[in-house]
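Please read it alongside the sequence and the structure shown here.

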Amino acid sequence: MYYAYYSYTGDTQYNDFVDGQMQLAVGTDDGFLDATTALTGRWNDDIGWWALSVMTAAETTPAGILAPSNVVSGYNPTYISIVNTTYYQMWQDWDSACNGGIYWARDRSSSSSNNKYYKSSITNAQHIELSARLYAFTGDSVYLSNAKQVYQWMTETVIDSSTYAVYDGIDTSTCTVSSNMYSYHSGELLAGLSSLYKTTKDTTYLDEAHKHWARINSYFTNNSVLYDPGVTESPSGYLWSVYKGIADLYSVTTDSTVQSEILAVMKASALNNFQMCNSAWYCIRDLDSSTDHTLSNGTNVRDQFETVAILNALAIITGATTATHTQAVSSSTSSTTTSSSTAANNTLLYAGIGGGVGAVVLLGIAGSVVVMRRRARKAEESQRKVSHQIYGDSVHRKDYAMQARGGGSAASVTASNNYSRGRDYQGQPQQSFSKPQNYSGQPQQNGYRENINGSSGRANGGYSGRR
């Protein structure tokens, strides 16, 4: 969401903070499967969300490196290298069980049958979007081929061909399809299919996206407000990717009926969601700490996620354009340089949908995320201690020798090689994060409370329920 804000505004004031946290998570391995992120890294959908975020950074700064203001030897891979490594790490978990599909969890020896055998729809939908965007970025047809392969498997396995219901996944021990349905499956598919259509102009992808939108509009709305039937939490935590997906569809479709339907849903959903927010766009509720989906202090960051996702989507729908940017790379490895903003602090992009939402709908991302950061720090008093066996497998990937690109030309591609994991995470670059105004001292991992299901349960980014 930070990277999306930067892509719309060119405002760099949050980049050092975000890149600094990513730098700690990535380490020296160009990906998210190291000891620092071991808990979340055990699930392919979790590293998939991270990769999709960094993909936005790569699209905004095509030759960009991670944390250019904090240059530390071995800790500044290119954004696209991070995405590509994570992409192939996820792809490694595709196999022929139940005719294909990518597993939800990475550990095939897990004592949990759900972790060992389950192939989740969200993981495969994420991989389709990554394939689509990497294909647009590089021009490499391998990504297009993979996108087609994964979507074909989904249509034959977890997508109802008549209703376009997307079921949660499949248990490969019996090839039994789950009956659960969540909105974000359809939302992610909208994003991937819209991207594929935008790049290829093949109307097959647009037709499929329209069918998934019809399913969302009929099943996941109540009085035009997006929601997840059967999910008691509100916001549910599933919808933030749906807002992005339907905005992506709006930006590429020429079907005026679909556009009108999207506008109606976005207007109703925005007005419903924004009731939680104060004048500073702080939208996080204070709940009892025992409530599901809260941090240790009882706040629910998902509230803010959904608000910012709506604002991001409204920016796309109302014509906000992205631009590519270049980076200023620090020549010092002992201190950080705070990038100056190229736009006014707390830039707001005013957006109106038709005559409906009008001035109420504005892109308050800067103000909202700053407040979110301040509150989130209060939940970081207890650092989670994690230990995890580093995966020793080999991940086939392609390394991209990034060059300045002009006119949308593809990045240069070097020969494929094998990327071997197994190195221990050595020496976090904490010594260089010396500016307390940017990092509040030494960066720490979020002190989210333990999963109530115990150590064998899924660490849902710090939340105690399913994601």
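In helix 11, Trp-240, Tyr-243, Ala-247, Asp-248, Tyr-250 and Ser-251 meet Phe-305, Glu-306, Ala-309, Ile-310, Ala-313, Ile-316 and Ile-317 of helix 13, where contact means heavy atoms within 4.5 Å and helices (H or I, at least four residues) and strands (E, at least two) are DSSP runs numbered from the N terminus. The model is a predicted one, in which local features need pLDDT of at least 70 and side-chain atom pairs count only at pLDDT 80 or more, while totals for chains, interfaces and linings use all residues. Residues are numbered from 1 along each chain as its sequence is written, and side-chain values use heavy atoms, with hydrogens and water left out.

- By class, the contact of helix 11 with helix 13 has ten nonpolar, one polar and two charged residues, with Ala, Val, Leu, Ile, Met, Phe, Trp, Tyr, Cys and Pro counted as nonpolar, Asp, Glu, Lys and Arg as charged, and the others, Gly among them, as polar.
- The axes of helix 11 (residues 240-252) and helix 13 (residues 301-317) come within 8 Å and cross at roughly 5°, the axes being lines fitted to C-alpha atoms over the stretch in contact, with angles from 0 to 180 degrees between N-to-C directions.
- Helix 11 and helix 13 are therefore roughly parallel to each other, a term for angles under 35 degrees.

**Aromatic pairs**

- The structure holds 19 aromatic pairs, which are rings of Phe, Tyr and Trp (its six-membered ring) with centres within 6.5 Å, planes over 60 degrees apart counting as edge-to-face.
- Tyr-219 and Phe-220 form an edge-to-face pair, because their ring centres are 4.8 Å apart and their planes stand at 90°.
- Phe-220 counts as buried at 2% relative accessibility, while Tyr-219, at 29%, counts as partly exposed.
- One aromatic cluster is formed by Trp-49, Tyr-182, Tyr-184, Tyr-238 and Trp-240, and Trp-240 also belongs to the helix 11 contact with helix 13.

**Charges over rings**

- Arg-215 lies over the face of Tyr-219, at 4.1 Å from the ring centre, the criterion being NZ of Lys or CZ of Arg within 6 Å of the ring centre and within 35 degrees of the ring normal.
- The charged end of Arg-108 sits over the ring of Tyr-103, 3.7 Å from its centre.

**Overall make-up**

- The secondary structure comes to 15 helices and eleven strands, and buried residues make up 56% of the 467 residues.

Technical notes: Rings of Phe, Tyr and Trp (its six-membered ring) pair if their centres lie within 6.5 Å; planes under 30 degrees apart count as stacked, over 60 as edge-to-face and the rest as tilted. Buried means under 20% relative accessible area, exposed over 50%, partly exposed in between (1.4 Å probe, protein chains only). Angles under 35 degrees count as roughly parallel, over 145 as roughly antiparallel, 65 to 115 as roughly perpendicular and the rest as oblique.
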